[in-house]
Amino acid sequence: MSATAGSGKTTAVAEALLDGGCPVAWVSLDKSDQATGRLLTYLEAALADYIRESDGLVSEALAARLPHTEVAGLLAESLQVKNVVLVLDNIERLQRHSDAWAVIDALVRFLPDDTHVVLIGREPLFAGALNLPLGSSIGRVGPELLALTLDEATDVLARWGRNVTDVSERVRSVDGWVAGVIFAPESLKATVVGGDDPLKDFLSDHIMSGLTAADQQFLIRTSILPDVDVRQAEALGLLDALDRMRSLRELHLPAAWDRDAFSLRIHPKFREHLQESFSRLPSDEQRQLRSDYAELLTRHRDYESAVEEFHKAGDDKRAVECARKCIEGLLDRGDMALVGVWLERWSDYEIAGNPTSFTAAEVALALAGDRVSDALAVGDRLERAGTLEQFVKESDRAAQLLGWVYSTTGRLREVERILSAAAPTPAMQALRYGVSLITPGPPAPRPSRSNGPLDAFVLQCDYYFGILPNLTHTTESRLLELLLGPFRIAVTSVQGRTQTALDSYRDYTSGVGRMQLFATVGPELLMDAGLIDEAERTAIKGFELAEVGGDYFYMKANLIVQAKLALRHRHDPERARFLLSQGRDLPRFSYLEETADLWLGLALLQEHDDEAAASCLRRVVSEMRANKHLLDLSTACVYLAEAEWRCGEPEAADEAADAAIRAASSIGTNHLLLQALVDFPAVLSRRQDSEASADSEWHSLSRPLSMQRLAIPLRTSEAQVSLQDFGSPRLVVQNSAVRPRLMKTYELLAFLTTQPNVRANRDQLLNVLFPEKGNSQARTYLRQVLKWLRLVLPDGSLIVEDDDIALNPEIVISTESARFERLAMESTRLRGEPRIQAMQDALCIASGGAYLAPVNSEWVDGRRARLGGISLDLEFALAKHLMDADRPLEANTLLEGALKADSLREEGWRLLMRIASEFHDKDGVVRAYETCTTALQRIGVSPSPSTQRLFRDLTSL
């Protein structure tokens, strides 16, 4: 709703909502709401009755340094009452394209669909102010709808007690403008409405001119007050305040009276007019009035407002005193821009006597901008002044911030001084736990959950310690989830759920954890996804971010990731060693030293310097065990097993390999273990050869390792085309089902999605799709199939270049079979219940029917057989894991179906014998063994020694 001041916008909305029966939240904006932290606080207060966790939600999120747009989204998503109407009045007071508009935009975008928002201002909403969700409906109200009709004007004038001879002339002369109708004298001309600022002219010519000089001066001098009452006016030195208020009460003014409090709230536009007059008062008088008002504000503990009033009064000494009392509040709500203004404005003031509030603000401001080096400079200044211990004793916030700064820059002596000087608060316990990650020795005691932002710091440290289960469970706190965002992605990636992690990475828009995301998490994930060029670009960007910010920890971590890229995907040990040597010039961090040496060990193995590699990797494994750094321990143990074997130490090699299995089990995922075994598959084959039982855990890794090597393409963004290729094929394009006339269209699309770079040449397609037809007929048929495929896919999806036919890589196409293969592969990387769930999800996809069921061709038969083999492998593997999870009945049901499909799988019969034994069914054990023997005799073989030995063991019980 937009119209000039005095048009009755606020009144119209208020009256409409009064009759609407909807819950209402109303915020009247002010220029001070440019400070987005303050704006968010007001929004929370307005919505408090309608949201979950309303007590401190915003303040907690702001204190956790979340971007203010994220906090707005949190607030919006917490709304739990339906059909709320949120009114934002006086929106013209916010500067265009300001941060405040970004906050409002985020709030509106994340509000529930049934929420209504009303924006009221003097100007139409500027282009780009809001990026509304798709499907949002917008109504616009302008001055023509707010203009008073003759009947409305008559009613309004009667209520105001105005006696007007010709109401219709008055309405016509001001075009129904509410303020003009109410306050205009009989002689008001229509030209008043057409001026640049008609209300301003009207106020000057027809309101102020009708007041006594005393009343005029009173209104001008009290215009600095948001509400005027006798007590506040007297505080400004206006001793005739009671008389003036009584006089004004008898007049018709653009103002609202509170009868109970005998206070006056001037219409915003009228107040602006009065403040212009205030600015023309003598300077000394202005300063005195502002100083008196500031003192009044301090008595009400509104120190933030008092700061600006004292500053305008020229009393910076008092302004600084008030700023010290409220600057932590600004930090809590994240109004860093205002903090920056204050620190710059009073940078020359001596604060050594009481450094805590301003100095903590300096540190917080630097860290908010990822300027670790600037924060470090503040600590060094305190160190030189000999006030560091005093500083951290007086402020828990300061101790935590500086402790983290010193930690990430390797200044461990200073960290210990802070921990010794500060009180043993939860923040300090969390800091000590984190510091133990970068210092030698086992971790400090893990702090208990606080259900606050500190939990995010503790859980981030858990990730590096390899305590992944703590990070796999979502919390009820949306704030905590935002703080953990990059680490959630990292854990999903480490578990081997690469597509899920990649989707989360692509969708990640939060500003939280940006350095972690680009320096380490992103490059590692992109490397897993096979997007090597993007991984390298992202890693370089991450290093630049860490370097500019002076964060040595992430600089060093990033160099290690780049070295890993060079080794695993470029097979360039020389470059890897160069990158690792660059990291040695940075401060030492225990966790990172071990990780760097791990990849140095791989570089040495690739260079065949086996003795040096073994020595290096023995040290790494020993230190990881001692320091409880479990995340990369399985990788280190596999590399050590290879090094020991090359050095002629087979027993040590077996011991290291077994340690790798235990390490993978401790972090709940096989993914990192399998990646290491891809580097050195002989470690697996040697351990399998030395195992007596064919059902050992080493044997169970064969299929996962073979699948780990498969190049299954990953989606890099949301799919626009979906092919359901199990059972009767079905094609969905941009959420709508389409039906090409020719069945071969499905086959062509399916074939292209399985090819490298989704590309094939024309001859290849002719041989695959039409092997039985003559060349001329096949080419004609292919043209028809291409025509139909082009018709049903989005424009530009199909690219034909000479004899090459390809799918546009910009158009993302997903298929059920590819999703099945990804889930099957990812399930092999998991352990426990997540693995069982992933297997069940994959089998659920494959249960739709045979691959492209109506189609029969050589390549379809081949892919159908391959997918069927994967499905059968999954069934046998799932049965085993169900048995391990003490779910024998489910395992038995699954096995019976799987063995009907493939009766030659001895591991299935062995498992069936174990299930029967679990139920003390010796006859069942015998039946399973005999059926196995009969099945194998058909191909002229007998049960293996493992099967015979198990039968003897179970029947002798």
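This is a predicted model: local features need pLDDT of at least 70, side-chain atom pairs count only at pLDDT 80 or more; totals for chains, interfaces and linings use all residues.
Trainee: Why is Asp-105 called buried?
Mentor: Its relative accessibility is 8%. Buried means under 20%, so Asp-105 counts as buried. The residue sits in helix α5, residues 99-110.

Trainee: What is Asp-105 in contact with, leaving aside its neighbours within four places in sequence?
Mentor: Ala-129, Leu-130 and Asn-131. Contact here requires heavy atoms within 4.5 Å.

Trainee: How do you know that the span of helix α36 agrees with its number of residues?
Mentor: Helix α36 covers residues 633-646, which is 14 residues. At 1.5 Å a residue, the helix should span 20 Å. Its end C-alpha atoms are 20 Å apart, so the two agree.

Trainee: What makes α36 mostly covered?
Mentor: Of its 14 residues, 12 are buried. Among them are Leu-633, Cys-637, Tyr-639 and Glu-644.

Trainee: Which helices do the buried residues of α36 pack against?
Mentor: α32, α34, α35, α37, α38 and α39. After α36 comes Gly-648, with a positive phi near 80°.

Trainee: What makes Tyr-639 stand out in the largest nonpolar core?
Mentor: That core has 95 residues, and Tyr-463 and Tyr-639 touch the most other members. Its largest share comes from α32, with 11 residues. A second, separate core has 76 residues, including Ile-220, Tyr-293, Leu-343 and Met-428.

Trainee: How do you know that β10 and β11 are paired?
Mentor: Pairing needs at least two bridges. Four bridges join β10, residues 798-801, to β11. That meets the cut-off, so the strands pair. They run antiparallel. Leu-798 has Leu-807 in β11 as its bridge partner.

Trainee: What lies between the strands of that hairpin?
Mentor: Two residues. In this hairpin Asp-802 takes a positive phi near 55°.

Trainee: Why do β9 and β11 count as paired?
Mentor: Three bridges join β9, residues 759-761, to β11, residues 804-807. The cut-off is at least two, so they pair. These strands also run antiparallel. Asn-761 stands opposite Asp-804.

Trainee: Why is the pair Arg-568 and Asp-679 called a salt bridge?
Mentor: The closest N and O atoms are 2.9 Å apart. The cut-off is within 4 Å, so the pair qualifies. Arg-568 lies in α32 and Asp-679 in α38, so the bridge ties together parts 111 residues apart in sequence.

Trainee: What makes Arg-588 exposed?
Mentor: Its relative accessible area is 60%. Arg-588 meets Glu-593 in a salt bridge, at 3.5 Å from N to O.

Trainee: How many salt bridges does a search of the whole structure find?
Mentor: The search finds 54.

Note on methods. Residues are numbered from 1 along each chain as its sequence is written. Side-chain values use heavy atoms; hydrogens and water are left out. Buried means under 20% relative accessible area, exposed over 50%, partly exposed in between (1.4 Å probe, protein chains only). The expected span of a helix is 1.5 Å times one less than its number of residues. A nonpolar core is a set of buried Ala, Val, Leu, Ile, Met, Phe, Trp, Tyr and Cys residues joined through side-chain atoms within 4.5 Å. A salt bridge is a side-chain nitrogen of Lys or Arg within 4 Å of a carboxyl oxygen of Asp or Glu.
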